[in-house]
Amino acid sequence: MKKHKNGFTLVELLVVLLVAILILASGSLILSTFVRHYKDISHQAETLTIQQFVLLKISKEIREADQILAISPKAITLKTGKSSLSYDLKDYKVRRIKDGSSQYITEEHQVDNLGFDSPSHNLVIIKVGSFETGAFLRYEK
Amino acid sequence: MKPEHFLDMKNNTLLAKRKGFTLIFIIFVISSLFFLGMMLQKIIYSSASAFYSERDYLRAYYLAEGAIEYGKAAVKHDPNWVSSGLKFDGFEVTRKPNSNEIAGIGYTNNSRVVLKFGLGGP
Amino acid sequence: MSKNKARQGFTYIEILVSISLLLISAASFFYLIKIEKLGLKREEKFFRALNLAQLEMEKIRATPYAGINGNEHYTEKEISPGLKEIVFTYSFDKNRPPIKFYTLRNK
């Protein structure tokens with residue numbers, strides 16, 4: 001049998017295969033863990049940003065409002081000047097209705113719960129996700 | 001000797017067997033993963049800095065409110081208290097001359113909030 | 001002839017180096033991810049505290065002038081008759097500076 005100059009022995013191949021599998025397996029494990037955590041963390045950061053936006057916007061508008069027309073655990077309606085403004089959660093999106101025209105300020109399932117409470121007159125507690133903050137109507141007319 | 005050398009290289013193609021390629025490949029993988037990590041860091045950092053700027057906004061807002069209360073007290077004290085912009089460390093109150101409107105301004109490192117308050121005429 | 005063979009395969013050292021580099025990078029990545037998760041938790045805690053601080057400030061704003069007497073979060077001082085100065089300090093974590101607000105109130 002002719003001796004092949006550029007061949008590999010079976011043992012060589014097996015060893016290389018083993019080492020290659022080792023490297024690839026550990027590499028893919030690292031990569032998959034990394035990707036999963038990356039998605040988790042970026043999703044969490046995005047949720048935080050959106051919750052901050054919603055809380056800030058609603059509390060600003062409550063502070064500037066003239067009067068609370070209606071408040072329920074899931075919705076609030078305010079009056080500013082001659083226009084009415086209300087917030088609630090519809091189709092898992094935060095909906096803002098100003099003078100009858102509605103507008104969604106988040107996308108589906110970005111905010112999973114929106115709650116309102118009024119422990120005392122003109123003081124509103126706003127709950128978004130697991131965060132709660134408050135706003136007081138200062139200049140009631 | 002040289003042509004033989006190249007003949008050998010033809011059988012060992014680019015990906016697998018060139019000397020030192022493994023190291024380059026590993027370095028490439030590591031650097032791309034670090035790049036992804038930096039992107040994640042940027043996401044978290046921008047979210048955090050949004051929180052800090054909101055805190056600055058709130059500080060300036062409450063300072064501006066305090067400014068207006070100060071202005072209200074000043075007007076009560078002296079009905080002719082005029083548009084002298086008093087500046088404390090953080091807020092400032094001014095009044096438009098010949099009007100019943102005071103403006104309070106709150107200053108923080110990164111924000112400035114202006115609130116206007118109408119004193120209500122006679 | 002033997003020289004050609006040596007050039008073809010992976011040297012043992014090459015494999016050792018690459019595996020050890022992979023392991024080091026794996027360890028550092030897991031550590032990096034853990035740090036980033038911790039950082040995110042910290043910021044979430046700060047955000048929660050900021051919102052509660054705002055709630056307390058608004059509560060103060062809601063109480064009438066006579067009812068502003070200070071509590072665990074704020075101190076008040078009458079700096080001139082009918083004008084109270086309110087210094088609000090909300091601490092949420094022993095390793096971080098507290099959230100501070102300053103305002104005045106009259107009437």
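Biologist: How many residues does the contact take from chain C and from chain B?

Modeller: This is a predicted model; local features need pLDDT of at least 70, side-chain atom pairs count only at pLDDT 80 or more, and totals for chains, interfaces and linings use all residues. Residues are numbered from 1 along each chain as its sequence is written, and chains are lettered from A in the order in which they are written. Two residues are in contact if their C-beta atoms, placed from the backbone, lie within 7 Å. The contact takes 30 residues from chain C and 29 residues from chain B.

Biologist: Which element gives the most to the side of chain C that touches chain B?

Modeller: Helices (H or I, at least four residues) and strands (E, at least two) are DSSP runs, numbered from the N terminus. Those giving two or more residues are helix H1 (2-8), helix H2 (12-62) and strand S3 (99-106) of chain C. With 17 residues, the most comes from H2(C).

Biologist: What percentage of chain B is buried?

Modeller: A residue is buried if 20 or more other C-beta atoms lie within 10 Å of its own, with C-beta atoms placed from the backbone. Chain B has 3 helices and 4 strands, running α-α-α-β-β-β-β from the N terminus on. Of its 122 residues, the buried share is 27%.

How values were computed:
Buried ≥ 20, exposed ≤ 12 C-beta atoms within 10 Å, placed from the backbone.
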